[in-house]
Amino acid sequence: MTSEYSSRIQLQVINLKCATAHKYQIPMDIQIVLPPHLSIPDHHLCSLVANLLDNAIEASKKIEDPKIVIEMKMVKDYLSLTIRNKMDPSMQDKALTIRTTKADKKQHGLGRQIIYDIVRRYNGISTREIKDGWYIASVMLELGAE
């Protein structure tokens with residue numbers, strides 16, 4: 001698989017999620033600076049980005065003045081991915097512990113498990129925090145760890 005093919009797949013996933021966000025009038029700011037070759041397979045990176053963006057879009061649909069920011073870059077030997085979304089101030093106390101707001105409770109937690117599995121596979125870390133009205137999900141993956 002060529003680097004060009006790999007980049008196209010990643011861009012297609014981000015473009016698809018941007019189109020979804022646009023449909024709900026959610027502005028997105030995307031800042032991606034990556035080398036042409038990454039040791040993480042496309043399906044892992046795309047799954048990680050898609051699940052985190054799905055969560056951000058779902059939360060953003062429920063608030064006025066939404067915004068999502070995506071940052072992806074290299075930090076030494078790690079891939080750093082941060083997705084921030086503005087959040088409902090009344091949800092700040094519950095956002096990190098809430099079980100689900102989905103109508104179909106059986107669908108809750110699947111994306112979180114996928115994210116956890118990918119983070120574990122790449123000796124990574126995953127954090128969630130709330131700061132200044134933003135929900136921030138960050139992941140760092142050790143490249144070359146698999």
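Reader: To how many aromatic pairs does the count come here?
Author: This is a predicted model, in which local features need pLDDT of at least 70 and side-chain atom pairs pLDDT 80 or more, while totals for chains, interfaces and linings use all residues. Residues are numbered from 1 along each chain, and side-chain values use heavy atoms, without hydrogens or water. With rings of Phe, Tyr and Trp (its six-membered ring) pairing if their centres lie within 6.5 Å (planes under 30 degrees apart stacked, over 60 edge-to-face, the rest tilted), the count of aromatic pairs comes to zero.

Reader: Over the ring of which residue does the charged end of Arg84 sit?
Author: A charge sits over a ring if NZ of Lys or CZ of Arg is within 6 Å of the ring centre and within 35 degrees of the ring normal. The charged end of Lys61 sits 4.5 Å from the ring centre of Tyr24, whereas that of Arg84, 4.7 Å from the ring centre, sits over Trp134.
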